[in-house]
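User: I would like to go through this structure and ask what stands behind the words used for it. Please set each value against its definition.

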Amino acid sequence: MQNLATKFENLTIQSDFIFKKVMSRKRICIHLLEELLQIKIADINYLEAEKSLEPEFVSRGIRLDIIVADDKNTHYNLEMQVKNTKNPDTKNYVLPKRTRYYQALMDIDLLQKNQEYDLLPPTYIIFICVFDFFAKGNYVYTFKKRCLEDLELELPDEATTMILNTKGTHGSISKDIKSFYDYVNNHVINSDFTRQIDDEISYLKLDSKVRREFMLLEARLLDERREAKAEGLAEGKAKEKTATAKRLLSMGLSVEDIAKATSLSVEQVEAIKAEQA
């Protein structure tokens, strides 16, 4: 528990937990969206943020960090990405198809049964990355679907994906977005906007309910990791026993002797033998 308490005190805006809490404050979330997109937003409604923060939702296959809808029914999904993760099996970076999957999740939730497709609202998937995925130095990478035969022809599906690069060095962004990047990267407070964010984080760390929520979440995640590790070890041992049984069968040992040597049942060894036949 002491380690969790220390971890809580050291949390920054890069933490999913803190990011969600901070962006759950309307004035901060609205200002970030307005500055990023250079638009005016009168109000926003939170669609998933509060639910995804509750401990009982931790075990879902995937959670969208912050989902809001503005007064014009444009929907936004905001995500903080700290690690440029690779699939250990394919060695491919997962970020591009992660954005695709998140878009699909949003669309499925936004279109009710029997509704026409054209009722899907405009959407923005916004990933705030503390790394430059494309290594081009841009502050922002914005993606829409375009025709390869005519790049001026855009598919008007009103779906936009934005990859924000807090390590960027060039492009056109507002002073407040640049100050937000500085805050995310180095905890530098150089604007009223980042002062508001830092104050909000300070308030959160003084809230005993928030502290308890974080500890419950971390405890649940730790249990899940332990269970996954135990399942992985059990699966590894089972595969090892099967491989041993196959080698012993190829050497001509009897099913009964192999069962004794591997602690497998006679029925299991018979099944392995049948597969090799």
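This is a predicted model: local features need pLDDT of at least 70, side-chain atom pairs count only at pLDDT 80 or more; totals for chains, interfaces and linings use all residues.

Analyst: Residues are numbered from 1 along each chain as its sequence is written, and side-chain values use heavy atoms, with hydrogens and water left out.

User: Why is isoleucine 28 called buried?

Analyst: Buried means under 20% relative accessible area, exposed over 50%, and partly exposed in between (1.4 Å probe, protein chains only). Isoleucine 28 has a relative accessible area of 0%, so it is buried. Its place is in helix H3; helices (H or I, at least four residues) and strands (E, at least two) are DSSP runs, numbered from the N terminus.

User: What is isoleucine 28 in contact with?

Analyst: Contact means heavy atoms within 4.5 Å. Leaving aside neighbours within four places in sequence, isoleucine 28 is in contact with Val22, Met23, Phe193, Gln196, Ile197 and Glu200. Valine 22, with residues up to four places away likewise not counted, touches Ile13, Ile28, Ile197, Glu200, Ile201 and Leu204.

User: What makes a set of residues a nonpolar core, and how many residues has the largest one?

Analyst: A nonpolar core is a set of buried Ala, Val, Leu, Ile, Met, Phe, Trp, Tyr and Cys residues joined through side-chain atoms within 4.5 Å. The largest has 55 residues, and those with the most contacts inside it are Ile13, Val22, Met23, Phe180 and Ile197. Its largest share, seven residues, comes from helix H3 (residues 26-37). A second, separate core has nine residues, including Val255 and Ile272. In soluble globular proteins, nonpolar side chains tend to be buried together.

User: Why do threonine 99 and aspartate 70 count as buried?

Analyst: Threonine 99 has 9% relative accessibility, so it falls on the buried side of the cut-off. Aspartate 70 is also at 9%, and therefore counts as buried. Threonine 99 lies in helix H5 (residues 95-110) and, beyond four places in sequence, is in contact with Ile125, Phe127, Thr161 and Ile163. Aspartate 70 is in strand E2, and its contacts, counted in the same way, are Ile41, Asp43, Ile44 and Tyr76.

User: Is serine 263 buried or exposed, and where is it found?

Analyst: The relative accessible area of serine 263 is 59%, so serine 263 is exposed. Serine 263 is found in the loop between helix H9 (255-262) and helix H10 (266-276). Although it is not a glycine, serine 263 has a positive phi of about 70°.

User: Why is asparagine 73 called partly exposed?

Analyst: Its value is 41%, which means that asparagine 73 is partly exposed. Asparagine 73 lies in the loop between strand E2 (66-70) and strand E3 (75-81). Its phi, too, is positive, at about 70°, although it is not a glycine.

User: What joins the side chains of histidine 187 and aspartate 198?

Analyst: A polar contact is a pair of N or O atoms within 3.5 Å; within protein, one must be able to donate a hydrogen and the other to accept it, and residues adjacent in sequence count only if both atoms are side-chain atoms. The two side chains are joined by such a contact, of 2.8 Å. The residues are eleven apart along the chain, and their C-alpha atoms are separated by 8.5 Å. Histidine 187 is found in the loop between helix H6 (175-186) and helix H7 (192-206); at 44% relative accessible area, histidine 187 is partly exposed.

User: Why is H6 called oblique to H7?

Analyst: Axes are lines fitted to C-alpha atoms, for helices over the stretch in contact, and angles run from 0 to 180 degrees between N-to-C directions. H6 and H7 pack at an angle of about 40°, with their axes 8 Å apart. That makes H6 oblique to H7, because angles under 35 degrees count as roughly parallel, over 145 as roughly antiparallel, 65 to 115 as roughly perpendicular and the rest as oblique. Among the residues making the contact are Phe180 of H6 and Ile197 of H7.
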